[in-house]
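Here's a two-chain model to walk through. Have the sequence and the coordinates open while you read.

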Amino acid sequence: MLLVIEQFLNGLQLGITLFLMSAGLTLVFGIMQVINLAHGSFYMIGAYVGATVAAASGSFLLGVAAALPAAALCGMVVEFVVLRRLYEREHLDQVLATFGLIMFFNELTRIIWGRQPLFMEVPLWLGGSVELLPGLVYPVYRLAVIGVGLAVAVSLWALFAKTRLGMQIRAGGVNRKMVGALGVNIKLLYTLVFGLGTLLAGLAGVMAGPILAVESGMGESILILTFVVIVIGGIGSIRGAVAGAVLVGLVDTLGRAFLPAVFRMLFDSSTADSVASSLASMAIYILMAAVLVVKPKGLFPAHS
Amino acid sequence: MKKVVFVLFFLAACTHLAIAEPVKIGMITTLSTKAGYLGEDTRDGFKLAIAQEGGKLGGIPVELMVEDDGRKPDKGKQIAERYIKKDKVRILTGIVFSNVAMAVVPKVVRQDVVYLSTNAAPSKLAGKGCSPNYFSVSYQNDNLDEVVGQYVSETGHKSVYLLAPNYPAGKDHLAGFKRYFTGDIVAEVYTKLGQADYAAEIAAIRAAKPESVFFFLPGGMGINFLKQYSQAGLGREIPVYGPAFSFDERILNAVGPAAVGVKNGSQWTHDLDNEANRQFVKAYVEAYGRMPTLYAGQGYDTARLIGSALKAVSGNLDNLDAFKAALKKADFASVRGNFRFGTNQHPVQDVYIREVVKTDTGYTNKTVKKVFADHVDAYASQCKM
């Protein structure tokens, strides 16, 4: 039972990281109608800048404080220089251009930081583990990640539901021309939305830094999961991103954790292990297919 | 006028004789992708040997050509094709990954070309698929797992939890460990290739309570696993072991304190006590400003082996059999000290257990124990040459 709770927390934590990534991607995709494959690059930039500043200053918080504006700034520059020319063009052009950006950023990090993966430490005040229940030990840092993710989800909800800026962004997603005609600087608004999205990706990256290897190309592995999340959640919907991310995180983790045990009850151990490991890596795609059969536009479509 | 032309021709012919064409060596290696540092170290180790002789190996001028395979078998094949057809290269080397090697090596060794492996040495090429034109200077892939299997048994651990990515090399490496481990296998878990988060597996390990954990997770996967394992507080309770691939100096400096004390298997460490190794480590640090990894050591050894054979045939590759015979003698001072080729042209060498330590210059390994002396790989008997 304790193992189930622990694996549940692990799934939640993976889901939260995915949420930070997918929130930004779904905003850009849903509101600006741009497919941005390079979203993982901003995750990588966040991790690299965070790790570098944290190592130089010795402070994790300074690392985070540097990573967020760096990712946001890079995002806004990319929007201004590249994506702005692509709004009117087909999705295929956007895919090509942003795929090119992935390679550009991967090589750039290699040129700046070299091929050596960087080291980023868990800050002392978040190090160690805490006993949540008798016998259930969990790393404090992962709990902190869950906490930050939940806080971000609430603030995003507040931003979109309660503020004027949020209202303009939502309106811009529905009818870009009309919002422009009403006197809103839609170009600036898009740049801001894109910057917000990449800021969240940078946050996800810098928080992943102490857990994962900070290396060139680290964004691609999470990018695929992120796309699965926004397709399940419904493109353009923050609520969908939350639901999709938690669902994917849980299914992926619980599948990896418990499928082998389930299959061992049915087959001998070597067959069970190989079937279970294959099925566990397919689990989220099966989930995606199942969701799409029932709800072709995702769980919470933005414009239904 | 005729005279002048004749003199010019004569002069041209003379200079041609005086400055012999350098022997071309074609290196196919992985310089891009996340794994790019492996090729970088292989190349830098190789280059160091050439630089130490002022552009020569064994006194023969050489020209090293380097191309990036991007970890893709197809690209590796194309590069090999170009080296052989266009550049007329007879000596190929440098491939890091076994899947690239399997695409390139069987094809090139059917031609009149010698391939020397600086790293990848899949079982197929050591056993039934062995070839007189193929030499592995590094090891046979399983060796570094076998040594850990033997050591973990000797340590008295009665059970082990196995972890590797779900692809052919993952299964091979675990098979290597199991060949020498005498205790119980609690579980044999195969994870997704390139997996980032190991929280689920670590929780399962905690619940299964094995006496030890053995993992083969090369590159970033190993960094992720080791960091997360230590953060989960398991590092103090259940010791982990692995082959050297997750414990080279580049990876260790990205893992940080989480790896300190972990024991791993390798055929080389910077502290091996022999003259060739001492001067290599010193020269490498001076040239590149970083500690050499085992890949750098393998690149360096390969270059010096080629040097010894070139010297024996005075740089003449027209008779490739003589060159191969000279290679097989392995008449060079290896940084590993003890080195010779077995019947399948794979190394017969000592294999060690070493331990991760922190020094003033960062994280590195220190040799703990020689577990195998003159170790022969498991496939040698299947090789009919």
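## About the model

This is a predicted model, with local features needing pLDDT of at least 70 and side-chain atom pairs counting only at pLDDT 80 or more, while totals for chains, interfaces and linings use all residues. Residues are numbered from 1 along each chain as its sequence is written, and chains are lettered from A and ligands numbered from 1 in the order in which they are written.

## Annotated spans in chain A

An unreviewed UniProt entry lists "transmembrane region" for residues 12–35, 42–60, 66–83, 95–113, 140–160, 188–212 and 275–294 of chain A. Those positions use the numbering here, feature names are shortened, and annotations may be inferred rather than shown by experiment.

Take two of them. Residues 12–35 of chain A are 88% helix and 0% strand, with end C-alpha atoms 27 Å apart. For residues 42–60 of chain A, the figures are 89% helix, 0% strand and 19 Å. (Helices are DSSP runs of H or I, at least four residues, and strands are runs of E, at least two, numbered from the N terminus.)

## A helix pair in chain A

Helix α10 (residues 238–266) and helix α11 (residues 269–294) of chain A have axes that come within 8 Å and cross at roughly 155°. Axes are lines fitted to C-alpha atoms, for helices over the stretch in contact, and angles run from 0 to 180 degrees between N-to-C directions. So α10(A) is roughly antiparallel to α11(A) (the term applies to angles over 145 degrees).

The residues making this contact (C-beta atoms, placed from the backbone, within 7 Å) include Leu247(A), Val251(A) and Leu259(A) of α10(A), and Ala276(A), Ala280(A) and Leu287(A) of α11(A). By class, the contact has 15 nonpolar, two polar and four charged residues. Here Ala, Val, Leu, Ile, Met, Phe, Trp, Tyr, Cys and Pro count as nonpolar, Asp, Glu, Lys and Arg as charged, and the others, Gly among them, as polar.

## Where chain B meets chain A

The contact pairs 30 residues of chain B with 32 residues of chain A. On the chain B side, the elements giving two or more residues are α2 (36–52), β8 (184–191), α8 (199–208), α9 (220–231) and α10 (249–255). That side has eleven nonpolar, eleven polar and eight charged residues.

## Two domains in chain B

Chain B splits into domain 1 (12–139 + 272–341) and domain 2 (143–266 + 352–381), with bounds from an automatic or database domain assignment. Their C-alpha centres lie 28 Å apart, and the contact takes 13 residues from domain 1 and 17 residues from domain 2.

Definitions and conventions
Parallel < 35°, antiparallel > 145°, perpendicular 65-115°, else oblique. Contact = placed C-beta atoms within 7 Å.
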